[in-house]
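Reader: I would like to learn how to read a few features of a fold. Please take me through them one at a time.

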Amino acid sequence: MIPLKGMKQRWSVQTDTSTSYGKTKAEVLERCADRIAKAEAEGKSWTLNHAWIKPRTSWPQVVIISRSHGKHIESFKFGDRKLHWVDSCGTRSVYWYGRKHAENYNDAEDIPSSVYQLLVEHVVTKSKSQPELMMRRDDPGLGIFIPEIDNKIAASGNVPDKCISAQ
């Protein structure tokens with residue numbers, strides 16, 4: 001038997017128009033009571049799911065770039081690989097590297113340094129300028145907080161990259 005240590009539980013209700021999530025069965029059923037009643041009144045089905053989720057522990061090397069240069073990232077192809085947009089926040093966007101037709105972040109691969117160098121040349125050539133920010137690093141997660149840049153800004157009392165202040 002596989003141990004459930006480190007796994008998180010999640011409940012969901014799926015109707016024909018949407019899926020809602022909750023930490024408990026009671027929470028998600030209460031949240032979706034109107035949609036469940038509507039589905040039942042119309043003779044339609046709905047589904048209650050209980051999932052055990054093992055959170056990801058390894059993050060791929062991604063490209064973080066100024067939003068102003070995103071269109072040049074999206075035009076870059078390398079063999080059967082390309083960069084896929086995953087997130088934008090403030091002035092920054094994040095792209096993961098993988099097969100051209102991949103659609104799932106779980107298919108992300110580390111972008112090799114040699115391919116990253118070709119990408120930098122591509123972006124500078126296409127845009128005729130150096131982006132304000134362009135780096136290859138582990139995915140920083142939601143908010144695109146980059147400690148080596150943003151900690152100094154936050155320590156000086158300012159708000160990093162147009163993020164909402166935590167105060």
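Reader: In the hairpin of S5 and S6, which residue takes a positive phi?

Author: Some ground rules come before the answer. This is a predicted model, where local features need pLDDT of at least 70, side-chain atom pairs count only at pLDDT 80 or more, and totals for chains, interfaces and linings use all residues. Residues are numbered from 1 along each chain as its sequence is written, and side-chain values use heavy atoms, with hydrogens and water left out. Strands are DSSP runs of E, at least two residues, numbered from the N terminus. Two strands pair if DSSP finds at least two bridges between them. Here, S5 (residues 77-78) and S6 (residues 81-89) run antiparallel, joined by two bridges. Lys-77 has Lys-82 as its bridge partner. Two residues lie between the strands, and Gly-79 takes the positive phi, near 60 degrees.

Reader: How many bridges pair S6 with S7?

Author: Eight, in the antiparallel sense, with S7 spanning residues 92-99. Trp-85 has Tyr-95 as its bridge partner. This hairpin has two residues between its strands, and Gly-90 takes a positive phi near 60 degrees.

Reader: Is Ser-127 buried or exposed?

Author: Buried means under 20% relative accessible area, exposed over 50%, partly exposed in between (1.4 Å probe, protein chains only). Ser-127 has 18%, so this residue is buried.

Reader: What does Ser-127 touch, leaving out residues up to four places away in sequence?

Author: Contact means heavy atoms within 4.5 Å. On that basis, Ser-127 touches His-69 and His-72.

How values were computed: Helices (H or I, at least four residues) and strands (E, at least two) are DSSP runs, numbered from the N terminus.
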